[in-house]
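Please examine the sequence and the three-dimensional structure shown here before reading on.

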Amino acid sequence: MRIRISSWKPVIFIGVIASLCGGISTIAYCRNALYKEVTNWQIGDSNPPARILWQHVELNVPSHQASRVPTNGLAVSDKYVVYWRKPHFSPCDVWQTITAYHIQNGTRAWQYAVPGTIPRDLIGVDDGYLATMEAWLVKLNPEGGVVWRNQTVPSRAAKQAYTQGNFVYVPSFSKVYIFQAKNGKLDRVIEVSNIVDYWEDAFLTMRSSDTLSLHFANEEREAVTLKVSNQALIAEYSESLVKFTYRFNDILIVHNYFTPPKLQAFHMNDGRLLWERSGAFSSPPIMFNEMLAIYAADRVLFFDLLTGETKGYIQLVRVSSDSITPIPNPLRIVWLGASQNILSIYFRDTSELLTLEVDLTDSNK
């Protein structure tokens, strides 16, 4: 089918205007045209108790491609639920965006347009949000305004960025790019062969097809070996840069997302395996109320970070299917985000976004 150039003019014009305005908002009449409120889900058995604050489905979102979506594209603050939204390429929906909803009622708050790039990761930081694209980073303030934008990751292999102290760290194949958190300026580049993850006091490298090496900043300490649960995991990481290691305080979580999915917890002080759990885990792990939270088979599961003991769960029950029809894909992608007693869930295959309020007074009983 031949598309006339004239038919693209409104799209290009609106896209340019949105870009010039910093991508903070779309035209007013488009503001509420991209999603609708639904009642697809109810909460079944739950401990701790929880209730759904709001739920909606994103309209006209194309079916996902697993290699083209970030590891985690959802962040929650005390005011907003923020996530990566794929475009539909209409006058109301030109580019992929970082989109924010009010946390209490789910109404659209702001958008930041991100044209022509592959999203990798989105996290909340103390003073806003940090988004990682394939070759650049952007820091947004709590209201979606640009604090800084950085395009000095020349390898086009950025998979994640995270802050620690006054710096932003971006591991990328054989280099670690370190930026100043305040202004995004490149501070230094460290060469580390086969880098997987990097922190101020330690870093991970690939040692073989099924092992990682944990190195310490104190050069007097010898590196230790971590045995991962599936040989395909590191090979897949090398190809697609899918994040699979997560650090929470002194605990390192390795999330094997191949069949059978598994979580392994290692102690960062000496690399010893603390526990491992198998299950249909389909989201990256996050921390919620000092517990490890992860999505598995229509449940949000809560584990004790040190022991792996199950501390609770929230069962979700689908009661209607007012959403897009998911494409067949054995790798279901779910994103989790949390702030205080609020937990948000985004189902990537059906474009549904739920936000729950959890009663934490019962969480330790």
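The model is predicted, with local features requiring pLDDT of at least 70 and side-chain atom pairs counting only at pLDDT 80 or more, whereas totals for chains, interfaces and linings use all residues. Residues are numbered from 1 along each chain as its sequence is written, and side-chain values use heavy atoms, with hydrogens and water left out.

The largest nonpolar core holds 32 residues, of which Val82, Trp84, Ile98, Trp110, Leu122 and Tyr129 touch the most other members. A nonpolar core is a set of buried Ala, Val, Leu, Ile, Met, Phe, Trp, Tyr and Cys residues joined through side-chain atoms within 4.5 Å; buried means under 20% relative accessible area, exposed over 50% and partly exposed in between, with a 1.4 Å probe and protein chains only. Among the elements that give two or more residues to this core are β5, β6, β7 and β29, and β5 gives the most, with five residues. Strands are DSSP runs of E of at least two residues, and helices runs of H or I of at least four, numbered from the N terminus.

Strand β7 (residues 108-113) is mostly covered, with six of its six residues buried. Strand β6 (residues 97-102) pairs with β7 in the antiparallel sense over five bridges; pairing requires that DSSP find at least two bridges between two strands. Tyr101 has Arg108 in β7 as its bridge partner. Five residues lie between the strands of this hairpin, where Gly106 takes a positive phi near 80°.

Tyr101 also belongs to an aromatic cluster with Tyr35, Trp54, Tyr83, Trp335 and Tyr346. Rings of Phe, Tyr and Trp (its six-membered ring) pair if their centres lie within 6.5 Å; planes under 30 degrees apart count as stacked, over 60 as edge-to-face and the rest as tilted. By this rule the count comes to 15 aromatic pairs. Tyr83 and Tyr346 form a tilted pair, at 4.7 Å centre to centre and with 50° between the planes. This pair links distant parts of the chain, since Tyr83 is in strand β5 and Tyr346 in strand β29, 263 residues apart. Both Tyr83 and Tyr346 are buried.

The largest pocket is lined by 46 residues, of which Ile123, Gly124, Val125, Tyr162 and Thr163 lie nearest its centre. On a 1 Å grid over the protein atoms alone, where a 1.4 Å probe fits, a pocket is an open set of points with protein on both sides within 12 Å along at least five of seven lines; lining residues have an atom within 4 Å of a point. Strand β8 gives the most to this lining, with five residues.
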